[in-house]
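Reader: I would like to go through this model with you, one region at a time. May I begin with a side chain and then move to the strands?

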Amino acid sequence: MGITTNPSGTLFIISAPSGAGKTSLVRALIEKAPSITASVSFTTRPKRAGEEDGVHYNFVSKQTFEDMLEQSDFLEHATVFGNKYGTSQSRVEQQLAAGQDVILEIDWQGAAQVRRLMPASVGIFILPPSKQTLRARLESRGQDDQSTIAHRTAQAVDEMSHYAEYDYLLVNDQFDEALRQLIAIVESRRLSISKQQSALKELLSELLA
C-alpha cells in the first residue's frame with residue numbers, strides 16, 4: 001500500500017545560508033516527491049537572468065509590496081540584502097487545505113514569523129560542509145562581485161547560528177545523500193500518527209472492527 005494523500009498538507013520551512021545549495025535540493029525534492037510544491041514568494045529584488053515571474057518569485061515593485069503589507073497579505077516578510085521578501089498567507093493555506101505539502105524557502109527571520117502563526121510547521125536547516133565550500137559555490141554562480149560575496153559569506157555565520165531553532169539539520173556535502181535525507185524527512189512526517197490516522201481512517205476502522 002502506498003502513502004495515502006494527506007487530508008491536509010504539511011508546511012515545511014527550509015532555510016540555509018546563501019550558497020548551501022538549498023534551491024537545488026528543493027527543486028529535486030519536488031521532482032521526486034508527489035503532492036508537494038514550493039510556495040512562490042513575492043520580492044522587490046530585481047529579476048536575474050533565467051528567472052521567470054511567478055515561477056521563481058513574484059517580482060513586484062516596492063510600492064506594491066508596501067500595499068500588500070498594509071493589507072496584511074503576508075504570512076511572513078523580511079528584508080534581506082536590501083530587498084524585501086514575503087509569503088502570501090492565503091495561498092499557502094489554500095494549498096495545505098487541498099492536501100498539498102508546501103515548502104517555504106525563507107531565512108531564519110521569516111521562519112520565526114511563520115512558526116509563531118503556524119506552530120505545526122516543520123523546520124529544516126541546511127548547512128554547507130565548510131566555509132570554503134560555501135564561498136566557492138557563491139563564486140561559481142558568477143552573479144555577484146567579490147564585495148557582495150564577502151558580505152554574503154560573513155552573513156552566513158549569523159544565519160547558521162540559528163540552526164537550533166529548527167526541527168531537522170542536514171549537511172549538503174554530497175548532493176544525492178542530502179536529497180535522500182530531505183526526502184526521508186518528508187516521508188517521515190507523512191507517516192506520523194497524526195497524518196496517517198486521518199488518511200487511513202477507513203482501513204483502521206475495518207481492521208479494528
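Reader: Does L182 count as buried or exposed?
Author: This is a predicted model. In it, L182 counts as buried, because its relative accessibility is 0%.

Reader: Which helix holds L182?
Author: L182 belongs to helix α7, which covers residues 175-190.

Reader: And which residues does L182 touch, leaving out those up to four places away in sequence?
Author: L182 touches I14, L25, L29, I124 and L170.

Reader: Turning to strands, how many residues of β7 are buried?
Author: Four of the five residues of β7 (residues 101-105) are buried, so far as the under 20% cut-off defines the term.

Reader: In which sense does β1 pair with β7?
Author: β1 (residues 11-15) and β7 are parallel and share four bridges. Within this pair, L11 is opposite V102. Strand β2 (residues 36-38) also runs parallel to β7, joined by three bridges, and there T37 is opposite V102.

Reader: What is the strand order in the open sheet of four strands?
Author: The order is β4-β3-β6-β5, with mixed pairing. Because β4 (58-59) and β5 (74-80) stand at the edges with a single partner strand each, one side of each has no neighbour in the sheet.

Reader: How many bridges link β5 and β6?
Author: Six bridges link β5 to β6 (residues 83-88), and the pairing is antiparallel. One of the residues involved is H77, whose bridge partner in β6 is G86.

Reader: Which strands does helix α2 touch?
Author: Helix α2 (residues 62-70) packs on the sheet and touches β3 (42-43), β5 and β6. The direction of α2 makes about 140° with that of β5. Helix α3 (residues 89-97) lies across β3, β4, β5 and β6, at about 40° to β6.

Reader: A change of topic: what is the nearest side chain of opposite charge to K195?
Author: That is D101, at 5.4 Å. K195 is buried and has no salt bridge, since a salt bridge requires a distance within 4 Å.

Reader: Which backbone oxygen does the side chain of K195 reach, then?
Author: The side chain of K195 reaches the backbone oxygen of S8, at 2.8 Å. K195 itself is found in helix α8, residues 193-199.

Technical notes
Residues numbered from 1 in each chain as written. Predicted model: local features only at pLDDT ≥ 70, side-chain atom pairs only at ≥ 80, totals over all residues. Heavy atoms only, no water. Helix = DSSP H or I, 4+ residues; strand = E, 2+ residues; numbered from the N terminus. Buried < 20%, exposed > 50% of the residue type's maximum accessible area, 1.4 Å probe, protein only. Lys, Arg positive; Asp, Glu negative; His and termini not counted. Polar contact = N/O pair within 3.5 Å; in protein donor to acceptor, adjacent residues only side chain to side chain. Pairing = 2+ DSSP bridges. Contact = heavy atoms within 4.5 Å. Axes fitted to C-alpha atoms, helices over the stretch in contact; angles between N-to-C directions.
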